[in-house]
Structures are given as structure tokens and as C-alpha cells.
Amino acid sequence: MPRKILKQTVPGVCLFLLISLQAQLSPQESLHRVWAVKDCRILSLSGPAVEKGSIIIRNGLIEAVGPNIPIPPDAEVIDGAKLTAWPGFTDALGQSLLKWPEEKFDAAKIYSGDFTDKDKGITPELKAFDLVNLGKAAIEKYHTHGITAAEVLPDKGVLTGQASFFSLGAPDKNKALLLKENAFGIGFSPAGFLVYPNSLMGVVAYLRQAFSDASYHALAKSRWQKEMRGSERPDYNGQQEILAGYAASKKSFIFLCRNQHDIRRALSLADDWKIDFFIADLGSEASLVIPELKKSKAKVLCTVAFKAPGTSLYSQLGKEQREKAEKDIYPKNPARLAEAGIPFAFSSLGTDDPKSFIEGIQKAVEAGLPREKALDALTGAPALFFGLDKALGTIEPGKIANLVLATGDPLTKDAKTRYVFADGQKFELKEAKAKEGEKPAVNVSGKWELSVEGGLKLTVEFMQEEGALSGKMTTPFGAFDFTGGTVSGKEVYFEMNITVGGQQLDLYFSATVEGDTMRGSVVQGTQGSAEFTGKRIP
Amino acid sequence: MKSRMTILLAALLIAPAALSPARPTAKGLLLKNGNVLTISGGTIAGGDILIEGKTIARVGKNIAPGPATDVIDLKGKWVMPGIIDSHSHIAIEGNVNEMGDLITAEVDVKDVLNPEDINIFYALTGGVTSIHTMHGSANPIGGRGIVLKLRWGGSAKDLIFEGAPTTSKWALGENPKQSNMTGPGRARYPKTRMGVEAAIRKEFEDAKQYMREWDDYNRKLKDSRAGKGKKPLPLPPKKDYRLEAVADILRSKDWVRCHAYQSEEMLSIMRLCKEYGVKLVCFEHGLEGYRIADELVQYGVAVSTFADSWAYKWEAFGTLPHSAALMAKRGVLVAINSDDAERMRRLFNDAAKTVRFGGLTELEALKTLTINPAIILGIEKYTGTIETGKDADLAVFSRHPLDPYTVCEMTLVDGKVYFDRAKYLDDRIKAETEKKKKEEDAKKAKDKKIGAEE
């Protein structure tokens, strides 16, 4: 029936129709809540490895784990032979799950000088919870690399915004949420406009004043609340209340440090303000500040892009020196932190897509970081950092069922994720499909125009690497990336998650390629499909 | 331009190892048999300097080394006190101007020191051992500057010259007026020289009011404590870091360094500073200072200037290559400064121009790079001359430092060798040879592989 409706739609509105259909139907809730993974190797990270055992998952939690566990009669059984299970990884600080609102910058401001706080990078009210996008395509990218939880932070500007912690098991953020507004971001990047603060030194001065103002505001407010008669009432100030609130409730501040000098700045500010904090080591230079980090008992969120900061000597000495340092020196940063006993977890900032994130961690392992330390920095350490060690980090009864089933060992090149459980939801990964399928007989790399029945026009830029397909699609509702597509023989298949009018929408495209044209259909969940044709844009 | 290219090329060739700082010294270091330009006590031909720890222990002739003393023979070389650049903008991360506001007294260069700035090393190659690094000139009151010792290779903290007073950078004239800003943007008050001074005066008045509020609060607090808690303690005024910084200027805690070109505006700001009791220490550039030399002397304000840099904008027209010398002869405390990372490496050439054009004596010229800037920065107790008890900040030259063909061969800070040209060049050649060898080996291995496949 939906198909019929689609065929009758006027040009350009079919996707909107799809949304209204989706709204009437129940969300993609799983039918099963009980699973048994049988006969797999288990790296629980809470004790020695179990060579052959089972994991029982019920209602989102791990019910039992170990050898000789009886399989409950109501469980759907997954044959775990040839698979290894380990706890799902946590991205201890990322922003790539955020969907920033598309906003046009009003150039008239440059002339009028009427800049907003947002232009200045002062956005304490921004909440990751409001901006997060946990659509199917978005979280699948994470699942493919075994990541099942993430601390997400709006990371732009000076007072960057408020983080939340999600378990990546459901597209519904209300279900995925573990900790709401649990940390606050502070950056050292001034805005590029003629507005205060527009220099790094201005940013430091601004931060000093902002914290002083916040604590003063809190003091004045409590004075007034205590003694209303005869005492002056302070004006309401939302920004100052946010800052003071975080400080008073002992929540953490996350300093986004672009180099070793930012780290020292952050430690000094944190010491002045007596706050709980994390150092996000964006420049991979924390290992140059080890004595100071030790002294202030800092916890580090280690990034793995390994780009030499512009301030570093290597960068100043030219491309050759910089590239050499990025290859030989910067990847040693996590290993040195581990050696020095600095507590750290891994952050995807800078790498952003989960693939390069995990590759970066592999690089750190090659550069001397013990594999078990790397695993801890992806599991136990972030759980402990965010006070979630009772719920996450290991495969143990009672913990949230976040785990990975894969061939190979974790963080090795040949590890291939087959299943991911996130919040007890099972996700089967498609990568195997390309492997099982034929070798690709076509290469669709390049720009294509797709005409969907009903008159909707879409442009896609495909990137094909052997059987793997990724790309970017431009729609009337914005541009959207996708990964995890496949090409086998002449068949193309890819999925994407788009947002239309604030609604998440999963689309599944499949087509057969013939020379510079393709013909196929697009399905939206189980709610309907439409035919489309495509031709290559020369 | 050409010199910049050469430096750039040189930079590309340097391996970081060749920049390694500070050759460690054993128990004491004796610089032997050089021509010692003490600045304060004449020139000692064939003189020795004994360094113990970071301090000059003895200066004289035929000083015998102890059993553990390192000795460097300086036969035929010249030693002078390490050069002090009283006006520079290196070792700062990010913009050197906070353009977002008119008065930004609270913005502090100390917060953004970049100890990895390679210009620190390049400055050492020109015999510079201490610098004053500060804001640009975009604001009537830009913010706090800082005096550094070029202890290359350490952290920002290691760079700070302990005991030096903090400074406040001001600017008058075209730059704070933003008259050269042609890009888009809302015009910022002020647009006249009168406005610049009025902005400073207004800030003083605000700061005085702020100080009164705090005095008042402290008095109330005292009374309230004496009354043993009958009433709740008074609420303190809100802390304002900008006004705190201006208050520190009014309390003469921060030494004022004022960028100015024209004689009238210098006279005018001197009157303002006198009125408010501000410690105006030095005019930056002060190109027309020679016109008001007597007034400068009478006020007791120094000038930190260029040897021969002018006419780059209209307010810089009214000067002469003789300006520094004319002022110095009239008794003004004059320093020759760089204002520029490249010029910083050849300040001794610039000082020589005051001899060539202005007729200063060699000693007077050398003072513009040593004791004069030391006095301006309030660090003359520690450095600026070669004397027993002062920090062993020294520069060794191949010829007299004012000789056009001279080359700085070695620079010591706190008795440590931070730059040694011979070693530096040697390291560079080694690094290049090593690199070449690696490339050749890689090529050979590749050729071999191709051969094997055949």
C-alpha cells in the first residue's frame, strides 16, 4: 500500500510523505530481548580469558557469562564458535555524533559589529543532548569498529557547551542516554572576528573573568536568598549560572588543549578554580607535561590524530621535520603516558570518524603502547572516568550488555566485527556481505544523479574501494554522508540516515549498474519503496 | 627579503638535535683571554671571566682555573654583556593584539608564552640573552608584557626573568585610532589622538572608583568583624580583572611602556601620567624624541627606538638617522630595540649605526643594547654589564661587536652555553650527511630489490 501512495505523490514531496508514514508506525523496536551467545571465546577484561563460554543477555543487561552456562529456553541463540567477545569500546570524547544546525553566517555583522555570543565562541547553553544524532547510519559507523558508547561534547569556541554520555544502542536518544550534561567544555580557540576575546591571550583573560563572575553571581544569589530583606538582588545571568552550577555540583570541566602549552594553561586555571577536570590532549603532547599532570592528578583524554601542533618545533622547521615527527614521535604519546602511570582514555576528537579513531589507536600500539593498556583506555578507564564502572567496561553479570563479537583479536588489523550488542540490542554488521558476495564488476566512484519516481532529484558522490562503498548524497534537505555500502558484481547497495524537518529517516538504496546508468529502488524501513534511475554526471 | 630566504632555507636544514640547548657546565666555567667589554669598567684586553653556577664570580686578568673548571679560550674574540632587546613580540602564541576591545589591560602576555618559538633560538644566535615581549599597539592600554631570559629548551615558566617588574603596554597615535584598518568592520572609538588620551583618562577614573569601592568594603569588613557578627559580613564588590590591572598601573606596580611617535603626544601623555602618578618608564619608538630631549630627561622617561627605521607611515616621518644619538648625547636613556624577530639577530649592527651616523662613542652605542635596556626593564641589578655578582649572560663575537664583519659565536645565559656556532654548524653538517646516507642506503636497498625481482 505505501508503494501505491508513493506513486501518486507529486514531485518532490515523497520523502515528506515517508515521514508521516513513519510517525504512524512503531519505531524499529527489536522483537527479541533475550540472547545467548554460545561457544565463543570471551575476553571479559574482568578476569582471565574464557576459551569457550557463553554470554546470556536479557533486557539490556548481561545476565550470565562463563563456561557451562545453561542456555535459557526463551533465548535466541547466536553461534559464537570462531568468534571472540570483548566489552564494547567507549569513545571518551567525541563530537562526530552531533548534528550541528546549518546556519548561514550573516556577513552584515562584520560591518555592523553586532556579534552574538555564539560568534565569540561563548555557548555554554549548547547541549550535546539536543544536538546528537543517533540515526542508524551514524551509529553503525561506530558499531563497525566495536564502539558502543560515547561521551559527546559540542567542542567549538571558548565556553563550548555541555556533554552527555550515550550508549549507542538506540536511535532514540532518550533511551541511549546514560549521563545528561555530565561535563562542560572549555576551549582555547578565539573567534576570528573583531570581538573580545579575539586572541589567545584574550581568551585566557576572558576565562579568568568568567569564572570569577560565575562564583560571584552564586555568592550574591545565595546572599539574597538567605537575607531577602535589605539585600540587593543580583540580575539573572544564565551563562554564569551554568558555570557556577557545574562547579558547585563537582561535575567535570573538559579542557580542549591544542598543545602542551594549553595543557599548562588548563592546569593553572583548574588549580585557581579548584574544579574537577579532564585534559583533552588534542595536540598529543600530554607526554611533555607529565610531572605537572602527575602533580595535579589530571585525567587525560588522548586523541590519536597525531598531528604536530603549529607551535611545535617540528612544525616550525618545515614539512619534512613535521611529517617525520608525526610518524615517529607523536604516536608515542599514549605509550609514554601509560609508562608514567597517567590515567587516560581515548578520544575521537581530531580523527572524528570511528575508522581513523581505531586506526590511530592501532598506531599508538605499534608505537609501544601495550595492547592491554589500549584496551583499558577504551573500556575500563572511560567507565571509571565518568563514574560508570558499575555499568560498563567489562563483560560481567549485571552490567549493560555492550559487547563486540568479532573474528580476530581486539585492535588487530584482522579483527572483523560480526555482531555488536549495545544496550542489549543486537546489531549484525553487513561487512561480511561484501566478502561473501561477488567481486565488484563495476566502479561507480564519481558523481551520479539519481531520479526517484515522483520527480525527486538527488546527487551522489560515490567513493568505491574494491567492494566497499561510501559517499555523500545531496538532497533538497541537505547533504548527508554514508559509509558501509557494498558493490558486488554489478549490484550496488548502501544505506543512509537523513534528517528531514528534525526527523530521522533511514533509507536503503539498491541498484544494478549498467555502464554509466543504474536502476533500482529505495526503501524506507518497512514503510515503502520507490524506484529510481541514476546516471553518471560526466 | 633575501636574508629571510636564507634563514628559511637554513631552518629547513636544521635537525632539531642541532638546536639542543644548554651545554651543561661542570663546576665553574672560565672564559679566558678575550677582549672583555665590561661596559661598567672599561675594556680588558686579554681578560678572563670566571663563572660559578649562574653568576659571574670574577672579572680580570690571569684568573687561574680550579681543578674542575671548564675553560673556553677566547683568544682574539670579544665578549660583551648579553644583548637585551627591550621591545619585541616573539615567543607569543596567537595574536599579539587583542583587537576585540579598546582597553584590554587585563590581557597578559605571560598567559600565552610559547617557549618553542624558534625565534628564541635565532635571537640567541645574535647574542641576545634577555627580551621584553609584549602586546602590539592596537589598544590605548593593551595589557601586560613580560621580561624573559632566553633559556631555550625549557617551559614557559623557565623563560620568565625572575625579579623583573611587570609592564603595561600602551599605544598612542595611528594604531589605536585604527586609521590604517581598511577592512570591513564597525569603526571603533576613538578616531583622534585626543580620543586616545581621553580613553586612558576615563579608564583611570573608573579604576579609581573601583579602588574606592574596595577600600570602602575593606573598611566595612573590618568594622563588621570588630562588631563581632551582629550584622552579616558585607558583600564584596565584584572583581574586575581589567580595572584591577589599571589599578596596578595607578599604584605604579606595573611599569608603563608607551608606544608613541610624535613629540606633542609624548608631552601630553607625560602630563597625564604625572597627574595620576603613573610610572611611565619608556616611550616605544619615540621617533620625534630628539625634539623634546630635555623634557624627556626632566621627566625621567627613556626611549626604546630604532637605529634607522622611519617614514613607513605619516606619523613616522619626522625623524632622522641621528635621532637616537641626539637623544643619548642630551642625556636621554636610549635603547636600540628590534620590534622584529629578524632584526633581533643583528641588533649589534643597528647599534653601530649610532656611531656611524650619530657620532656616539663605541661605549655609548653598546650601552643602548645592554645597561640602558636593563635599567628600562628594571633588571640592571642582574644583567647589562660584566661585573662580579651579576648573572653570567654573555655574548662572544669574532670581532668587535660594532665591526660590520663581526659574527656572534657563542651566547651564554646564566652561565650556560645556549648557542655555540661551531658546534651548531658541525651538528648541521652531521645531520645533513646522515640524511644523505640514509637516502642513499634506501636507494641502494630499492635497487637491490628490483634486481632481485629480475
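Mentor: Start with chain B, where the buried residues of α10(B) pack against β6 (83–88), β7 (128–133), α9 (323–329), β13 (334–336) and α11 (362–367) of that chain.

Trainee: What makes helix α10 of chain B mostly covered?
Mentor: The helix runs over residues 347–356, and seven of its 10 residues are buried. They are Leu347(B), Phe348(B), Asp350(B), Ala351(B), Ala352(B), Lys353(B) and Thr354(B). Each is called buried because 20 or more other C-beta atoms lie within 10 Å of its own.

Trainee: How much of chain B is buried?
Mentor: Of its 454 residues, 48% are buried. The chain has 13 helices and 16 strands, and its C-alpha atoms fill a box of roughly 90 × 65 × 55 Å along the principal axes.

Trainee: How do you know what confidence to give chain B?
Mentor: This is a predicted model, and the mean pLDDT of chain B is 92, with 92% of its residues at 70 or more. Over residues 1–13 of chain B, however, pLDDT is below 50, and that stretch has nine contacts beyond near neighbours in sequence.

Trainee: What are the corresponding values for chain A?
Mentor: Its mean pLDDT is 89, and 91% of its residues reach 70 or more. Residues 1–30 of chain A stay under 50, and the model has 46 contacts for them beyond four places in sequence. The model as a whole scores ipTM 0.92 and pTM 0.85.

Trainee: Why is chain A called as compact as a globular protein of its length?
Mentor: The globule rule gives 24 Å for 538 residues, and the radius of gyration of chain A is 25 Å; the two values are close, so the description holds. Chain A has 17 helices and 24 strands, and 47% of its residues count as buried.

Trainee: How do you know that the length of helix α9 in chain A agrees with expectation?
Mentor: The helix has 14 residues, 260–273, and at 1.5 Å a residue it should span 20 Å. Its end C-alpha atoms are 20 Å apart, so the two agree. The residue that follows α9(A) is Lys274(A), with a positive phi near 55°.

Trainee: Which elements do the buried residues of α9(A) pack against?
Mentor: In chain A they are α7, β10 (252–257), β11 (276–281) and α10 (290–295), and in chain B there is α3 (156–159). Among the buried residues of α9(A) are Ile263(A), Ala266(A) and Leu267(A).

Trainee: What makes a set of residues the largest nonpolar core here?
Mentor: Its members are buried residues of nonpolar kinds joined through C-beta atoms within 7 Å, and this set has 275 residues. Those with the most contacts inside it are Ala85(A), Ile254(A), Ile279(A) and Ala280(A). Helix α7 of chain A, residues 200–226, gives the most to this core, with nine residues.

Trainee: What does Ile279(A) touch, leaving aside its neighbours within four places in sequence?
Mentor: Its contacts include Phe255(A), Cys257(A), Ile263(A), Ala266(A) and Val300(A).

Trainee: How many residues of chain B are in contact with chain A?
Mentor: There are 33, and they are in contact with 33 residues of chain A. The chain B side has 14 nonpolar, nine polar and 10 charged residues.

Terms used. Residues numbered from 1 in each chain as written. Chains lettered and ligands numbered in written order. Predicted model: local features only at pLDDT ≥ 70, side-chain atom pairs only at ≥ 80, totals over all residues. Buried ≥ 20, exposed ≤ 12 C-beta atoms within 10 Å, placed from the backbone. Helix = DSSP H or I, 4+ residues; strand = E, 2+ residues; numbered from the N terminus. Contact = placed C-beta atoms within 7 Å. pLDDT = per-residue confidence, 0-100. Nonpolar A, V, L, I, M, F, W, Y, C, P; charged D, E, K, R; others polar. Expected span 1.5 Å × (residues − 1). Rg over C-alpha atoms; globule rule 2.2 N^0.38 Å.
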